[in-house]
Amino acid sequence: MATRLKYFVFYTIGHWANEVNVAPTIAEIKSAYLSEYSPAEDFIAAVQEFLVNPITESAIMKESVSNYGLMPKMRLQLAQSNAIASYLIQTQVEIDSCFSDEYPKEQARV
Ligand code: HEM
């Protein structure tokens with residue numbers, strides 16, 4: 001999905017390049033949500049909820065909110081937030097080669 005790809009590219013380039021920290025890394029986010037939510041359906045629902053409505057009250061990474069400010073709200077449709085959250089749990093974003101492994105696959109798909 002082009003929108004999903006766009007956000008991931010934006011997100012990963014910004015954070016994995018690690019020149020300026022503007023937000024927690026996607027791997028940190030996944031780890032925080034995995035430690036709070038299981039099974040996968042709960043993880044997906046929680047990530048979706050935050051994506052659709054990013055508010056301080058529901059944030060679990062309070063230190064990140066203090067450090068970086070609240071994440072901007074993206075106007076995602078339900079299917080898009082679901083696709084993003086599902087992708088996050090299915091993909092090994094925590095390994096270093098993730099971007100170089102996954103990006104060509106996404107390019108081929110869209
Ligand atoms: C697919 C794209 C994205 C996903 C899945 C995503 C997801 C998340 C999640 C789940 C959190 C943790 C929330 C919590 O504390 O419970 C978070 C935090 C954050 N994100 Fe994103 N995000 C995305 C894109 C972006 C973009 C594009 C920006 C900036 C332009 C951004 C900036 C931030 C910041 C500053 C935080 C830390 C403060 C906060 O929790 O709001 N994110 N993100």
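Tutor: The largest nonpolar core has nine residues in all: I26, I29, Y33, I44, V47, I84, A85, L88 and V93. A nonpolar core here is a set of buried Ala, Val, Leu, Ile, Met, Phe, Trp, Tyr and Cys residues joined through C-beta atoms within 7 Å. A residue is buried if 20 or more other C-beta atoms lie within 10 Å of its own, exposed if 12 or fewer, and partly exposed in between, with C-beta atoms placed from the backbone. At least two residues of this core come from each of α2, α3 and α5. Helices (H or I, at least four residues) and strands (E, at least two) are DSSP runs, numbered from the N terminus.

Two notes on the model come before the details. Residue numbers start from 1 along each chain as its sequence is written. The model is predicted: local features need pLDDT of at least 70, side-chain atom pairs count only at pLDDT 80 or more, and totals for chains, interfaces and linings use all residues.

Helix α2 covers residues 26–36, and I26, I29 and Y33 are buried in it. Seen down the axis of α2, the buried residues fall within an arc of 60°, so they line one face of the helix. The arc is that of the directions from the helix axis to the C-beta atoms. An α-helix has 3.6 residues a turn, so residues three or four places apart point the same way.

Y33, in helix α2, counts as buried because it has 21 C-beta neighbours inside 10 Å. Leaving aside neighbours within four places in sequence, Y33 is in contact with F43, A46 and V47. Contact means that the C-beta atoms of two residues, placed from the backbone, lie within 7 Å. Y33 and V47 are 14 residues apart along the chain, and their C-alpha atoms are separated by 7.6 Å. The loop between α2 and α3 contains P39, and a cis peptide bond with omega of about 5° joins S38 and P39.

Among contacts with a separation of 6 or more, 64% are between residues 24 or more positions apart. In helix α6 (residues 98–109), the count of buried residues among its twelve residues is zero.

The ligand is the next topic. It is surrounded by 24 residues, the closest being A23, A59, M61, Y68 and M71. A residue is near a molecule if its C-beta atom, placed from the backbone, lies within 6 Å of it. The elements giving two or more residues to this shell are α1 (2–16), α3 (40–52), α4 (62–68) and α5 (78–90). The largest share, four residues, comes from α1. By class, the shell has 22 nonpolar, two polar and no charged residues. Ala, Val, Leu, Ile, Met, Phe, Trp, Tyr, Cys and Pro count as nonpolar, Asp, Glu, Lys and Arg as charged, and the others, Gly among them, as polar.

A59 lies in the loop between α3 and α4. With 16 C-beta neighbours inside 10 Å, A59 counts as partly exposed. Leaving aside neighbours within four places in sequence, A59 is in contact with F50 and V65. The C-alpha atoms of A59 and A46 are separated by 9.8 Å.
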